[in-house]
Amino acid sequence: MKKGVVLCITLGAIFAVCGCSGKPSVSVPNYKPERIAEKAIELFDTDGDGKIGGVELDACPGLKDALKRVDTDGDSMANAEEIAQRVRSWTQIGGLPVGCAITLNGQPVQYANVVFEPEPFLEDVISPATGETDVTGTCDLKSDALPYGAQGGMYRVRIISETQTIPPKYSSETTLGAEVSNEAPGIVQGRYRFDL
């Protein structure tokens, strides 16, 4: 095979994976806003009023974290249309290159596994994202869908460590939530900060 042909095939493969910019391309998940919103209401609206609010939000930490951006009518609850509207906003990003900084009682949580687990109404839409903290308590996230970062969506966040005792409310029975979006206030310099 001639060098020119090999070069063209190689460049073609690079552009197919990375696109013209040279950066890895990110395909947007197949969000179906109305279906996702209906599933969220079905799973978490325990009093049947068509909204998720109050103690219902405690069972859905990703939505609780995002509530200020979801709740457009100011009633401190999320209805199906508000959730669907928020889901539509994620279609513009696909995913973001994000990481975490974890501290416990002011000290870095070292060598811990960080898991961004999609809320149940997003389980079939987005992939979990994971990372392992270093000595500074920071990590970068990655998933099966992205070599870096996490897909747009709402997640339960679990911190799992074999060397430090992490309270159940941050690990097995987590109350930590995060929304991956361009407007998420928890991101500082590309990292979510969790002070446990």
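A residue is called buried here if its relative accessible area is under 20%, exposed if over 50%, and partly exposed in between, as judged with a 1.4 Å probe on protein chains only. Helices (H or I, at least four residues) and strands (E, at least two) are DSSP runs, numbered from the N terminus. The model is a predicted one, in which local features need pLDDT of at least 70 and side-chain atom pairs count only at pLDDT 80 or more, while totals for chains, interfaces and linings use all residues. Residues are numbered from 1 along each chain as its sequence is written, and side-chain values use heavy atoms, with hydrogens and water left out.

With these terms in hand, the overall picture can be drawn. The protein chain has four helices and 14 strands. It comprises 196 residues, of which 45% count as buried. Contact means heavy atoms within 4.5 Å. Among contacts in the chain between residues at least 6 apart in sequence, 64% join residues at least 24 apart.

Strands of a sheet pair through backbone hydrogen bonds, either parallel or antiparallel. Two strands are taken to pair if DSSP finds at least two bridges between them. An open sheet is built from five strands, in the order β9-β7-β6-β11-β12, with antiparallel pairing. Its edges are held by β9 (142-143) and β12 (177-180), each of which has a single partner strand, so one side of each is left without a neighbour in the sheet.

The helices come next. Two packed helices are described by the angle between their axes and the distance between the axes. Axes are lines fitted to C-alpha atoms, for helices over the stretch in contact, and the angles run from 0 to 180 degrees between N-to-C directions. Angles under 35 degrees count as roughly parallel, over 145 as roughly antiparallel, 65 to 115 as roughly perpendicular and the rest as oblique. Helix α2 (residues 33-44) packs on helix α4 (residues 80-90) at an angle of about 135°, their axes being 8 Å apart. The two helices α2 and α4 are therefore oblique to each other. On the α2 side, the contact is made by Pro33, Glu34, Ile36, Ala37, Ala40 and Ile41, and on the α4 side by Ala80, Ile83, Ala84, Val87 and Arg88. For the classes, Ala, Val, Leu, Ile, Met, Phe, Trp, Tyr, Cys and Pro count as nonpolar, Asp, Glu, Lys and Arg as charged, and the others, Gly among them, as polar. By class, this contact of α2 with α4 has nine nonpolar, no polar and two charged residues.

Helix α4 also meets α3. The axes of α3 and α4 come within 10 Å and cross at roughly 90°, which makes α3 roughly perpendicular to α4. Leu63, Arg69 and Val70 in α3 meet Glu82, Ile83 and Arg86 in α4. This contact of α3 with α4 has three nonpolar, no polar and three charged residues. Helix α3 is mostly covered, with seven of its ten residues buried: Pro61, Gly62, Leu63, Ala66, Leu67, Arg69 and Val70. These buried residues pack against β1 (51-53), β2, α4, β11 (153-160) and β12.

Finally, some loop residues are worth a look. Ser76 is found in the loop between α3 (61-70) and β2 (77-79). Its phi is near 60°, a positive value in a residue other than glycine, and Ser76 is partly exposed at 46% relative accessible area. Asn105, in the loop between β4 (99-104) and β5 (107-108), likewise has a positive phi, near 55°. Asn105 counts as exposed, at 68% relative accessibility. Val28 is found in the loop between α1 (3-18) and α2 and is partly exposed, with a relative accessible area of 41%. Not counting residues up to four places away in sequence, Val28 touches Thr91 and Gly94. The C-alpha atoms of Val28 and Gly95 are separated by 7.5 Å, although these residues are 67 apart along the chain.
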